Amino acid sequence: MQSLAADLRQRAGGRVIDRAEIAEFSVLKTYDPPLAALVGAVVGDVTRYGKFLDLVTAAPDGGTLHLVTHLARAGWLRWRDEMPASPARPGKGPLAFRLVFADGAGFDLTEAGTRKRLAVYLVRDPADVPGIASLGPDPLAPDFTPEVLGGLLAGRRTQIKGVLRDQKIIAGIGNAYSDEVLHAARMSPFRLASSLTEADVAALHAVIVSTLTSAIERSSGLAAADLKAEKKSGLAVHGRAGEKCPVCGDVIREVSFADSALQYCPTCQTGGKPLADRRLSRLLK
Ligand SMILES: [Zn+2]
């Protein structure tokens, strides 16, 4: 997300908005101010709050408008130097939202699949977006110390995997990078957060910072269109069930949940023992 924000800042900064178009009605979560308030607004900064991307614009009336998007799992942003002249039409395609600048460039927000979760908000204050005000600390901020991480984990009798991907506890790690962090830390995703020793917390903190930093370094300078491929190629275990662990060569396994899955290496993370997959064992009964 950090790279996407940097990429978009470079491309969109200083451009004047010509129009915003909705192709999927459920995508827009706010109605005041109306989308038309963006016409003539100038993009200043592009920043990030956890998994939210914030296009900060100076509106013609002198106010500041924030076009905030949450791409969700299947959402993507595609920049184009020349947008089609015809308006975006609601339909069955992946297009959800389109922003066009006065010079003809712009971007589409698309979402694959049938579960429509991509969200767009137009607000005067990013804290008005549900989810932003309640975000946990940014793990790459200088004040995110091992002590801060320890404080977040202390007393939580929940699995470390769930804690790491919970945006309200720590912002911005998410499902994919929590798998990567736990693999690099050689820690079981089912380990209880409250059971981590001070040394475990220090090691986990170091891995969180190094994993996220290297992800950003790998993808910095890549255009948004290339980021998705780069993210996948940089992952050791996430999305790679059935493949070989790049560290030890064991087969990467998966645990499925109702609407997500985690991947891990038994040899690296769970003493060689596969974790219980409730969905799978239910099927086998
Ligand atoms: Zn391994």
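Predicted model: local features only at pLDDT ≥ 70, side-chain atom pairs only at ≥ 80, totals over all residues.
## Helix H2 and its two sides

A residue is called buried when its relative accessible area is under 20% and exposed when that area is over 50%, with partly exposed in between. Glu-147 and Gly-151 are exposed on one side of H2. The buried residues of this helix, which spans residues 146-153, are Leu-149, Leu-152 and Leu-153. They lie on the same side of H2, because the arc they cover around the axis is only 95°.

After H2 comes Gly-155, a residue with a positive phi, near 75°.

Arg-186 is not a glycine, although its phi is positive, at about 55°.

In soluble globular proteins, nonpolar side chains tend to be buried together. The largest nonpolar core of this model has 29 residues, and those with the most contacts inside it are Leu-8, Leu-38, Leu-99 and Phe-107. At least two residues of this core come from each of H1, strand S2 (42-49), strand S3 (52-58), strand S4 (64-70), strand S5 (75-80), strand S6 (95-101), strand S7 (106-111) and strand S8 (119-123). Another core lies apart from it and has 24 residues, among them Val-163, Leu-182, Ala-193 and Leu-212.

What does Leu-99 touch, not counting residues up to four places away in sequence? Its contacts are Ile-17, Arg-19, Ala-20, Leu-38, Leu-55, Leu-67, Met-83, Ala-105, Gly-106 and Phe-107.

Ala-12 is placed in H1 and is buried, at a relative accessible area of 0%. Leaving aside residues up to four places away in sequence, Ala-12 touches Val-43, Trp-79 and Phe-101. Ala-12 and Leu-55 are 43 residues apart along the chain, and their C-alpha atoms are separated by 8.9 Å. Arg-9 also has its place in H1, at residues 2-12, but is partly exposed, with a relative accessible area of 38%. Beyond residues up to four places away in sequence, Arg-9 touches Asp-45, Val-46 and Thr-47. From C-alpha to C-alpha, Arg-9 and Asp-128 are 22 Å apart in space, and 119 residues apart in sequence.

Thr-57 belongs to strand S3. Its relative accessible area is 2%, so Thr-57 is buried. When residues up to four places away in sequence are not counted, the contacts of Thr-57 include Ile-17, Leu-38, Ala-41, Val-42, Val-43 and Gly-44. Gly-63, Thr-64 and Leu-65 also touch Thr-57.

## A cis peptide bond

The peptide bond from Asp-32 to Pro-33 is cis, and its omega is near 0°. Pro-33 is located in the loop between strand S1 (17-22) and S2.

## The zinc site

The zinc ion is coordinated through the SG atoms of Cys-245, Cys-248, Cys-265 and Cys-268, at 2.2 to 2.4 Å. The angles among the four donor atoms are 96 to 115°, and the site is tetrahedral. Along the sequence, the donor residues follow the spacing C-x2-C-x16-C-x2-C. Cys-248 lies in the loop between helix H6 (224-233) and strand S9 (253-256), and Cys-265 in the loop between strand S10 (261-264) and helix H7 (266-269), so this pair ties together parts that are 17 residues apart in sequence.

A disulfide is a covalent bond between the sulfur atoms of two cysteines. The structure holds zero disulfides.

Notes
Residues numbered from 1 in each chain as written. Heavy atoms only, no water. Buried < 20%, exposed > 50% of the residue type's maximum accessible area, 1.4 Å probe, protein only. Helix = DSSP H or I, 4+ residues; strand = E, 2+ residues; numbered from the N terminus. Arc of directions from axis to C-beta. Donors = N, O, S within 2.8 Å, 3.2 Å for Na, K, Ca; no water. Tetrahedral: all angles 85-135°; square planar, octahedral: opposite > 155°, others 65-115°. Contact = heavy atoms within 4.5 Å. Core = buried A, V, L, I, M, F, W, Y, C linked by side-chain atoms within 4.5 Å. Disulfide = S-S within 2.5 Å.
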